[in-house]
Amino acid sequence: MKRRKFLASTVAASALAVTQRSYLNAAQGAPHKEGREFYQLRRYHIISGPQRKLCDDFFRDALIPALHRLGIGPVGVFDLSIGPETPTIYVLMPGPSAETLAPVETHLAQDSEYVKAGAAFLNAPAKEPAFDRMESSFLQAFEKWPKLVPPAASKTASPRIFELRIYEGATDQDHKRKVEMMQSGESEIFTKNGFEQVFYSDTLIGTRLPNLTYMLAFDSLADRDKKWAAFRASDDWKSYSTQPRWAFETIVSNITNVILTPTAYSQI
């Protein structure tokens, strides 16, 4: 029952993603042909106890290898360290196109190695489910930040944390203005202040639309606090953020930010 509900929800989300992508291509001139990635961001809400090991074993030994066989990766798996609804595991899946990423559950179900390796998770009974709930968002990379860039620490599995930020626009106009603002200069100010920027994206399907989602990487919480303080105090940011094009009204109505810690097997 749990597995049927899980597959039904993810397949439905995949179908909606393809529909949304088709609309965007018509409106924006087929941006996927320019190499912009798509992302599926999942949030697995779990209950402390056996679900933790079941999820880790599944993500590490079944899901990540199967996604690689589909050309999807690097795959990030993170624990929610600071934010609501802990424990929660975040899974970030980057794909080269919507056609690759949207029907991922259909392809996974046809992969015998995946089905075998993930059997304990996929076939968990209702009285002992693999997770409590799962939420998924479908994202498209910004035109000027088309690819995910893992931080240098990912290559050596060195200590690192990630900040995932979601900016909700008060209106569609405000949302588009904020996307433009970030692509036209805000990300460059991040670079000047030493931020490692992992990805920027527009949320195509998810909750609380319209919104954009992006991720930053830091060595530690102290490193994060230091860099944000420098960013906010910089003359570049003060000058840029007060330009009439961005300051004509409050274009971001709500900000959600969470701190994530990569699992030992995360590839980001």
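**Pocket, cores and overall build**

The second largest pocket has a volume of about 430 Å³. A pocket here is an open set of points on a 1 Å grid over the protein atoms alone, where a 1.4 Å probe fits, with protein on both sides within 12 Å along at least five of seven lines; lining residues have an atom within 4 Å of a point. The model is predicted: local features need pLDDT of at least 70, side-chain atom pairs count only at pLDDT 80 or more, and totals for chains, interfaces and linings use all residues. Residues are numbered from 1 along each chain as its sequence is written, and side-chain values use heavy atoms, without hydrogens and water.

- Of the 22 lining residues, Arg43, Tyr90, Glu135, Ile166 and Thr256 are the closest to the pocket centre.
- Two or more lining residues come from each of β1 (38–45), β3 (88–95), β4 (133–141), β5 (161–169), β7 (211–218) and β8 (252–262), where strands are DSSP runs (E, at least two residues) numbered from the N terminus.

*Nonpolar cores*
- The largest nonpolar core has 33 residues, and Tyr44, Phe59 and Val91 have the most contacts inside it.
- Such a core is a set of buried (under 20% relative accessible area, 1.4 Å probe, protein chains only) Ala, Val, Leu, Ile, Met, Phe, Trp, Tyr and Cys residues joined through side-chain atoms within 4.5 Å.
- A second, separate core of 22 residues includes Phe231 and Ile259.

*Whole chain*
- Of the 268 residues of the protein chain, 50% count as buried.

Definitions and conventions. Points joined across faces, edges and corners; volume = space filled by probe spheres on them. Helix = DSSP H or I, 4+ residues; strand = E, 2+ residues; numbered from the N terminus.
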